[in-house]
Each structure stands twice: as C-alpha cells, then as structure tokens.
Amino acid sequence: MIILLLSRRRIFQDLVAAAVVIITVTALLPIIAYGELQYLANQLPTPNQYGAYINAGITSSSTTNNKVVILSFDDNRKGDFTYAKPILDKYGFKATFFVICGKTTDIGAMNWQDIAAMQSDGMDIESHTMTHAHLNTLSQSQLDFEIGGSKQCLASHAYNTTIFAYPYNEGSNNPVVVNTVAKYYNMARSGTEPLMFLDCVGFKKNPQTDCRTYSPAGKLNYANKYDARSLSFDVVEIKDSFNNAAIFSDFVKIVNSQAKYNQGGKINAVPLVTFHNVDLATNTPYHTNSGLFDQLMKYLHDNGFRVLTFKQLGYNTQSNTFYLKGA
Ligand SMILES: [Zn+2]
C-alpha cells in the first residue's frame, strides 16, 4: 500500500512537471516567433519587398517539405573539416565535398584521414579534378588526366565518385570538356545561379525545354545533366562586402526564393549552395566565417529546410529532368 501511494505520488509529480513544461513552452512560443520576426525584419533592407520571405521562414510544418537546400564544399579545405563539419553535425546535416585528388597533402588541405572521417559520418565525397586546372586551356589527354584521372585517383582511395564539379566554373559551356566529363561521370555541377530548376525550364535568359545535354540545334544547353547550376556563396559574400547582416539577409532571401516554384508538394526549384573554406577568417574572399556559417545553418535547421547532398539528386533519362531521390 505504501509503495502504491509512493508511486501514485511520483506519477502525480511527473504529471505536474510535464504540465509546467507544456505551459512554459506554450507561453514562450509567440515570444520566440516574434523575436525571430523582429530579428529578420531588422536584418532585411526592405521589409516590404521581403515580407514573403519573412513569412516563409516561420511557416508551419505543413510546408516545410517543400523547402530543400543542397550544400557542397569545394577544394577540400581544412576548415571545412575543422569548422564546417561540427556545425553540420550539430544540425544533423549532410553535404557533398568536391575533392581535388592531387591536393590532399597541401598546407591547409583536408588529408585522406579527414576525408575518410567525413565519409564515415555520411558526407558525400565527389570529384573536383586532379590539380584544379583551367579546363578550357587543356588538350584532350590533359582533360582525361584531370577529369578521368581524378575519378580513378579517388577510386584508388575507395571513393566511388559519380559527380564532377568544374574548377572556376569553367568548361561546362565547352563541348570538348563536357564530352570528357560525360565519359566518366553521371552528372556535373557548375555555377552560378541562386536556384536550380530541376526541369531546367525557368532560366529566363536561357530558354530550354528540358535538361538534355544538347539542344535539337546541337548546342550545349545552359543547364543540363553535366551542368547543374549552383550558387558559389562566395559571390554573395563579396557582393555584400563581408557584412554579416547583409549576407544573412541575402541567404534567407535565396533559400526562400524556391517557395513559389514548389507548390502542391512538387519540388522544381532548389538552391544548390557552394562554400569554399569555412574558418575563422573575416573579410577574406573564398573564406566563410564559421560564426556566420553557424547562423546560416541554424536558419535552415530552425525553419524546417531539408538539407541534401548531390548524391540525392537523380536524373531521369526518360523525361530528361533532375529529381530528388526519395522525394
Ligand atoms: Zn574549386
């Protein structure tokens, strides 16, 4: 009887504790939401123009499945292992790392041990040439070395790469380069667009009807299987003169700009955001300050974005469109 009374008393205490937690959280929610709205309103230069984005950032979970970002990091920089990965881990995000196979022993580079740790934690390792050459300047045998050789080099370290990223975003408009990429990879990535349209229709300056590599006239299509268009986020940081509030505001604007294209559960526009070196530097081109990077990832996390790797981007050869695997 005493035991029964004690356990009842314990249950009652637990119930009271749970009720207190629920009441506290419920009371705080509007304050948290309002605080975020105020924060964003203060960050954004023209609140009226970006009002839709502010609202998009705090919508209910029913719309969150339409918000997707694919993250990649180029050039196997050490900072991406030391600073970016722990931040990605904190928010449960996976990303793609495009590795220059001939540059894993350079000062400031991720080495094979770092890269192995990345992959064993679920990060996607893909190819970014042997030496980061300017592909438009190379002979066919040099192209085979840079493009095919890097696939082989990564394979010799047990990485099966199927996706290629063009150094300096050069070469994706050159049939000789693209045909070489197509010999070795399923897909490739260049720049520089804030949104990738998965059906490749929607790039206003470059009209096309699907993502096939060549147009019926035999010209390379602007966006295609070997030219998924990503945004080098460094471009934004340089444009904003490394002003963190301006960069954060632009990031919010970019990642939410997909909303109007992704209605009714169908996803057709995805920002493919590329970073280079996440580290402690400030005001340095091609370096993203780790504190700022944390803020950007926190925004994605707190606003229900799904963060995917390039491996989760598929290509349908029937419809000649990209799609998100498992979506
Ligand atoms: Zn690069």
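**The core and the helices around it**

The largest nonpolar core has 67 residues, and those with the most contacts inside it are Val69, Ile70, Phe97, Val99, Val181, Ala188 and Val270. Strand β1 (residues 68-74) gives the most to this core, with 5 residues. A nonpolar core here is a set of buried Ala, Val, Leu, Ile, Met, Phe, Trp, Tyr and Cys residues joined through C-beta atoms within 7 Å. A residue is buried if 20 or more other C-beta atoms, placed from the backbone, lie within 10 Å of its own.

Please keep in mind that this is a predicted model: local features need pLDDT of at least 70, side-chain atom pairs count only at pLDDT 80 or more, and totals for chains, interfaces and linings use all residues. Residues are numbered from 1 along each chain as its sequence is written.

Stepping back, the protein has 9 helices and 15 strands (DSSP runs numbered from the N terminus, H or I of at least four residues for helices and E of at least two for strands). Of its 327 residues, 37% are buried.

Now look at helix α9 (residues 290-302), which packs with helix α8 (residues 244-256) at an angle of about 30°, their axes 11 Å apart. Axes are lines fitted to C-alpha atoms, for helices over the stretch in contact, and angles run from 0 to 180 degrees between N-to-C directions. The two helices are therefore roughly parallel to each other, a label for angles under 35 degrees. On the α8 side, Asn244, Ile247, Phe248, Phe251, Val252 and Val255 meet Leu292, Gln295, Leu296, Tyr299 and Leu300 of α9. By class, this contact has 9 nonpolar, 2 polar and no charged residues (Ala, Val, Leu, Ile, Met, Phe, Trp, Tyr, Cys and Pro count as nonpolar, Asp, Glu, Lys and Arg as charged, and the others, Gly among them, as polar).

Helix α9 has another partner: the axes of helix α3 (residues 78-91) and α9 come within 10 Å and cross at roughly 20°. Helices α3 and α9 are therefore roughly parallel as well. Their contact has 7 nonpolar, 2 polar and 2 charged residues.

Finally, where does Glu237 sit? Glu237 is found in helix α7 (residues 233-239) and is buried, with 26 other C-beta atoms within 10 Å. Leaving aside residues up to four places away in sequence, Glu237 touches Phe242, Ile247 and Thr288, where contact means C-beta atoms, placed from the backbone, within 7 Å. Ile247 also belongs to the α8 side of the contact with α9.

Methods: Angles under 35 degrees count as roughly parallel, over 145 as roughly antiparallel, 65 to 115 as roughly perpendicular and the rest as oblique. Two residues are in contact if their C-beta atoms, placed from the backbone, lie within 7 Å. A residue is buried if 20 or more other C-beta atoms lie within 10 Å of its own, exposed if 12 or fewer, and partly exposed in between; C-beta atoms are placed from the backbone.
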